[in-house]
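Have a look at the model first, then read on.

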Amino acid sequence: MPSKHIFDEAFAQRPDLRQRVLGAIAKAPEQESLFGDIAHYIKHVQNASIQEQFKGQDEQPFKKRKLEHRPIDTGGWDKKNVCKVTDVSFSIPQRKKLHLSINKSASSGLHAINASGTSEFGVSWEWVRDIVCLPVPEKAQAQYNFCIFSTTADGLAPDQIVWTVPDSVPKDGTFVGLTTSPGETCRTLLITVLNEALKPYKKRVIEPDKQEFASQVVQAHRRGEPAYHIKAFRGSKDGFLFLLANGIFWGFKKPLEFFSFDSVDSVSYTSVLQRTFNLNIAARAATDAEPQEFEFSMIDQADFAGIDDYVKRHELQDASMAEQRRAKKLNVNGLKGNETKQEGVDQEEGELEKATREAEDLEDEEEDDENFDPGSEGESEGSGSGSDEDEDEREGRAGSNVVDEELGSEAESA
């Protein structure tokens, strides 16, 4: 849930509007997340405007800007709510070894700090949109990437944060301010700490699951272990797809992509060949009116059945389901069950049903064209007189039938 101060900051110049928003939330508490997202977006636009005002005139248009450093309280690592992980390998937004500071209190977040105790970058818990923990493919030793996607940057926080940890028991002094148990690895310890911090926001770290998807392609370097990744290409870049319980992930080269179910309009296949096929995901950002299509190519045919089962299970092929998923996220679903139909007719026709119906209509039209006889329209020579004769003959037969019926009825009367 969004913190209350975000409304104070976003509507600082319009206290009357702030009161109206809070009043609307009081009447419909389920809309608080929606108003919170709007407030965050307003704050983001305000920060962007401020940064633009102070932007140097001679700044290179494509110059990579450094993230602003922020001092944080590094004293007292033995505090109840603070955990520090030393020498963590970050790859996004910076490729650098830093210390990871995790503050489990609801009003805080996590930071990557350098040796001097200054924050290189970080994110508040309320900004975390999705966080996943994924195995790093094609590594002889098991490693895991933690990937954080934040909602909208606050001007200092990056949109994506990625760091890597080994799937092994941590060395002494790696975790400061946290009691470890025998057998726990860096991965399991971090997941426990992060889930505890995210609990007030009803979020958790998502990991791959065999029930969702496991690749049929055998890992040559680690046989016997399930592979959860799908090797693919996006343009000229190679990477990996992960089919998770709440969406589809693409990484690990920048830019990362995470397609949550509520953002996906449809999923389709193209260039289906004997050995490979392409996967197309039509998805939209929260601010986009139209979906954008992402194509992932050269996927091994061995994974087609598993991918198709995942897509169908989550109803990702039907574009009409996208609106229902987005409405469900905002808790604005209207009618349910049988109430979604009026007089036995669906309010929304699925894309698959629509395509099937249009194909059947097209076939009917083609059959009509094949059965069409141009001579019946009088286009050939002599067709006009032939048609008139046929019509006269039919009228004659009809007249004789009427006469016969009349004579028959008179005979019966007699």
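Predicted model: local features only at pLDDT ≥ 70, side-chain atom pairs only at ≥ 80, totals over all residues.

Let's start with the largest nonpolar core, which has 33 residues. Leu110 and Trp163 have the most contacts inside this core. At least two core residues each come from β2 (82-92), β3 (96-103), β4 (109-113), β5 (118-124), β6 (128-135), β7 (143-150), β8 (160-166) and α4 (186-198). The top contributor is α4, with eight residues.

Leaving aside residues up to four places away in sequence, Trp163 touches Val88, Ser89, Phe90, Leu100, Leu110, Tyr144, Asn145, Phe146, Ile148, Leu190 and Leu194. Apart from that core lies another one, of 23 residues, with Ala232, Phe277, Leu279 and Ile307 among them.

Now to helix α5, which spans residues 304-313. Which of its residues are buried? They are Ile307, Asp308, Tyr310 and Val311. These four cover an arc of only 160° around the axis, so they sit on the same side of α5. The packing partners of the buried residues are β10 (229-234), β11 (237-243), β12 (247-251), β14 (264-270), β15 (276-283) and β16 (292-300). After α5 comes Glu315, with a positive phi near 55°.

Next up is β15, where eight of eight residues are buried. Both faces are covered: Thr276, Asn278, Asn280 and Ala282 are buried on one side, and Phe277, Leu279, Ile281 and Ala283 are buried on the other.

| Strand pair | Sense | Bridges | Residues standing opposite |
|---|---|---|---|
| β14 and β15 | antiparallel | six bridges | Thr270 and Asn278 |
| β15 and β16 | antiparallel | seven bridges | Ile281 and Phe294 |

Finally, the hairpin of β14 and β15 has five residues between the strands. There, Ser271 takes a positive phi near 50°.

Technical notes
Residues numbered from 1 in each chain as written. Heavy atoms only, no water. Core = buried A, V, L, I, M, F, W, Y, C linked by side-chain atoms within 4.5 Å. Buried < 20%, exposed > 50% of the residue type's maximum accessible area, 1.4 Å probe, protein only. Contact = heavy atoms within 4.5 Å. Arc of directions from axis to C-beta. Pairing = 2+ DSSP bridges.
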